[in-house]
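Come along and follow the entries with me.

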Amino acid sequence: MSSSSIVEAPPKGGFSFDLCKRNEMLSGKGVKHPNYRKTGTTIVGLIFQDGVILGADTRATSGPIVCDKNCEKIHFMAPNIYCCGAGTAADTESVTDMVSSQLQLHRYHTGRESRVITALTLLKKHLFNYQGHISAALVLGGVDCTGPHLHTIYPHGSTDTLPFATMGSGSLAAMAVFESKYKEGLNKEEGIKLVTEAICSGIFNDLGSGSNVDVCVITKGEKEYMRNHLKPNPRTYVSARAYTFPKKIEVLSTKITPLKELAQVVEAGDAMEE
Amino acid sequence: MSRFSPYDNNGGSCVAIAGADYCVIASDTRMSTGYNILTRDHSKIYKLADKCILASSGFQADMKALQKLLAARHLIYQHQHNKQMSCPAMGQLLSNTLYYKRFFPYYTFNVLGGLDNEGKGCVYTYDAVGSYERVGYSAQGSGSVLIMPFLDNQLKSPSPLLLPAQVQP
């Protein structure tokens, strides 16, 4: 007698597209799908005299609402490599974390400092594998033994190698600044000033970007992560009176359910003999 | 091929709060389309009558058309009745105007503020097709979801759930 039980195979990981048909049917009927938390974003990078400078704004949006006014978009990849991320926040966060751990394991294996092209290849292979469903647009920059490098990575897995780059909804505003003012051989001060200007252009002219400017300077053997390097949008109208809240909070009923029984141990019987 | 859409959302928010003998109306001045800013200096507030101000957010072309129409109707009223329209009267007129286009609506989210016939502050809040209600305060537009809870907290009295104490058996 054969058993007719169907053993359900455990999920192998990766994406499950089972609900896609259902979602399509629902959107056909006019049901709006929930918003993802996106980093509307302006992210930039440029190569200067001694290395690479990365910049990013700090606004995260969920539809028309700003859900985080001061999030971090410049992610750590390796001590000499940082990556800015635009697109779906969960995607940029998890893909950079994943490649960062892979790089660390690789460093232990090889005994050498990570190279930017290693991070690039790991990222592009992963993103291409998922055919653009992982919505992460990245600006990868770092300095390794072969020199300073700057790359852009698109959600479908294509990459560019550039002297200056911008990504995100504010990329056009930022690129306008770069295209007019960039030149080769900028020094650190000029580079930071230009990056800040490009991000500010995104912050003030693009509605998907806002709040503060984060900057990261990477040079041979050294990195400087300047969180909130510039804060051009401070909170100005704070009520001097402070906001009042209703004085009384009426307790209508109280019910306490202990989750664990507190067991009382009563010392009974003779003590153990030695 | 995406279908041509006759509507666009120019963003922005409007607020109005009514007091005992005054009414405050405010709006932001940003006009946008998608992620781009069209202008930083465009007012969404329009004076319809001495005691009646309209603030609308949403599609600015429809807003302009609505303002023109209401202003014209008000002028006719003044000629016929030899007086300004009161705020409640304008409130009803706006509702009827919006419902008139029930099947190709004005994409505007309106707040009408002013003084009623007795001189007390009044605020009327509308949806896109003319459903309206007189309230003490209201916010409309993209920021309304953030502003209304704040106004509810600061202006409304504490919990309406306040029950009288249970009588001891």
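**Strand notes**

I began with one facing pair in chain B: Ala49(B) lies opposite Cys52(B), which belongs to β6(B). I kept in mind that this model is predicted.

Next I looked up the strands around that pair. β5(B) and β6(B), residues 52-58, are antiparallel partners joined over four bridges. A reminder I jotted down: strands of a sheet pair through backbone hydrogen bonds, either parallel or antiparallel.

Which order do the strands of this open sheet follow? I read β5-β6-β7-β8-β9 in chain B, five strands with antiparallel pairing. At the edges I found β5 (45-49) and β9 (132-135) of chain B, each pairing on one side only. On average, neighbouring strands here are turned by 25° against each other, direction ignored.

Then I checked what lies across the sheet. Helix α1 of chain B, residues 60-81, lies across β5, β6 and β7 (108-115) of that chain, and the helix runs at about 15° to β5(B).

I moved on to chain A. Is strand β9(A), residues 147-153, mostly covered or mostly open? I noted it as mostly covered, with six of its seven residues buried.

Strand β8(A), residues 136-144, runs antiparallel to β9(A) and is joined to it by seven bridges. Leu138(A) has Ile153(A) as its bridge partner. Two residues sit between β8(A) and β9(A) in their hairpin.

β10(A), residues 159-161, is also antiparallel to β9(A), through three bridges. Here I found Thr152(A) opposite Asp160(A). The hairpin of β9(A) and β10(A) has five residues between the strands, and Gly157(A) takes a positive phi near 110° there.

Key. Residues numbered from 1 in each chain as written. Chains lettered and ligands numbered in written order. Predicted model: local features only at pLDDT ≥ 70, side-chain atom pairs only at ≥ 80, totals over all residues. Heavy atoms only, no water. Pairing = 2+ DSSP bridges. Axes fitted to C-alpha atoms, helices over the stretch in contact; angles between N-to-C directions. Contact = heavy atoms within 4.5 Å. Buried < 20%, exposed > 50% of the residue type's maximum accessible area, 1.4 Å probe, protein only.
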